[in-house]
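Got the viewer open and a selection tool ready? Let's take a walk through some side-chain contacts, one stop at a time.

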Amino acid sequence: MNYNYRYRLEPSDALRETLDRHRDLYRQVYNHFLHRLNHNDGTTKYDEINQLPSVKKWWTDLTDLYSRTLQNVVERLYNNLSRLKDAKDNGRVVGQLKWKAPNEYRSFTYRQSGFELKNTGGQTVLRLSKIGEIPVRLHRELPDDATIKQATVKKEPTGKWFAVLGVETPDDPPEKPENPKDVVGIDVGILKYAHDTDDHAIESVDLSDERDRLEREQRKLSRKEHGSNNYEKQRRRVAECHADLKNKRRDFLHKLSNYYAREYDLVAVEDLDAKGLVELDGNSRNRAGAAWGTFLRMLEYKCEREGTHFVAVNSSGTTKECAACGVSTDKPLWVRKHSCPSCGFTADRDWNAAWNILSRGIKQLGAGRSESTPVETALPTGTHSVPAKRVLEAGSPTLKREPSGER
């Protein structure tokens, strides 16, 4: 399996200057080959990579760069071009690749060779060819059987340097169960970040203090003279506020996605167009801050790692549809309780949606269900068990046991 491990680098002042110089040279090479690409139709990635030795003859500074990493810069340009083409083919309006400004090109990658993680005198260091040995804050150990395939060195807007190590382990992910027993459907929202079929309502992480601090620091930045030393100091304070927000949000999302991936055999979620939802009018800030797309991506790869079924279903109508009888009922956003006029089933609006998501997920997966499934027992005491019946029927049409009307 492949994993990424991110570690903080602690370079000396001399190494910082070297890292910055190399990063800027890679940026200039990227812009140079972008210029060539715009003026040479039909050129290919490998044609341009083969041009590097001749470019080095007149651009002597490039001899200070590691050759394989230099090739990765050209590959990065063509990968960006390929993603732009894919977006255009999918109907999106796209422009052209733009030159990279000094603050826009922040990373470079050593692939296959030119790097080594080793222990020198009790200190873990990352040795990079043409740069030197950089101390690493190894806050967690790599797996014993892991092989490091690549190392990406990145400078954050705060000025801190990090190394992202791509490692490969020989173990395969566990097999996914043919008959998942512990299953869950998850409905995501803003008032409650997630509400699942086990009736767990997870509140969104409170980042109001961090947002207030960010707004204060941004106001201070707007009063500084652009380009001055005070402006640069304040810019870093703003970047630190952004990093604080990002880290706390991602910590919450990692813990939540890790819980669901480890505790269940099947996780059903909505197949959300997170980007499209953010672009809608009204409340876009809260939708962007919820980071639903990031959460679903984390949940998907962690389910793959843990051997858990991950199913993304069509979210259309999950809130309107009754989990008991399937009848759709329109209700405005401010109505937080589902009450079906057809069968009389009442439940929390998000809990009802979570059951519909789980039912669709089981149908989509086509998983078999055993008679001892805990889906029915997930219903709290005093509620109708009809939703459990619909879920059971979705996964096992031949199931003969009928749940009782009241629990």
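Start by selecting Lys220: this residue is partly exposed, with a relative accessible area of 37% (partly exposed falls between buried, under 20%, and exposed, over 50%, using a 1.4 Å probe and protein chains only). Glu217 counts as buried, at 11% relative accessibility. Helices (H or I, at least four residues) and strands (E, at least two) are DSSP runs, numbered from the N terminus.

A word on what you're looking at: this is a predicted model, where local features need pLDDT of at least 70 and side-chain atom pairs count only at pLDDT 80 or more, while totals for chains, interfaces and linings use all residues. Residues are numbered from 1 along each chain as its sequence is written, and side-chain values use heavy atoms, with hydrogens and water left out.

Next, hop to helix H6 and pick Asp251 and Lys255, four residues apart, again about one helical turn. Their side chains meet in a salt bridge (3.1 Å, N to O). Asp251 is partly exposed at 37%, while Lys255 is exposed at 57%.

How many salt bridges does a search of the whole structure find? It finds 27. For one of them, select Arg137 and Glu10, with N and O 2.8 Å apart. Arg137 is in strand E5 (residues 132–137) and Glu10 in the loop between strand E1 (2–9) and H1, so this contact ties together parts 127 residues apart in sequence.

Now for rings. The structure holds twelve aromatic pairs (rings of Phe, Tyr and Trp, its six-membered ring, with centres within 6.5 Å; planes under 30 degrees apart are stacked, over 60 edge-to-face, the rest tilted). Select Tyr30 and Tyr105: the centres are 5.7 Å apart and the planes at 55°, so this pair is tilted. Both residues are buried. Then try Tyr193 and Phe252, an edge-to-face pair with 5.4 Å between centres and 85° between planes. Tyr193 and Phe252 are both buried too.

Last stop: select Phe162 and Arg6, which lies over the ring's face at 3.9 Å from its centre (that takes NZ of Lys or CZ of Arg within 6 Å of the ring centre and within 35 degrees of the ring normal).

Note on methods
Salt bridge = Lys/Arg side-chain N within 4 Å of Asp/Glu carboxyl O.
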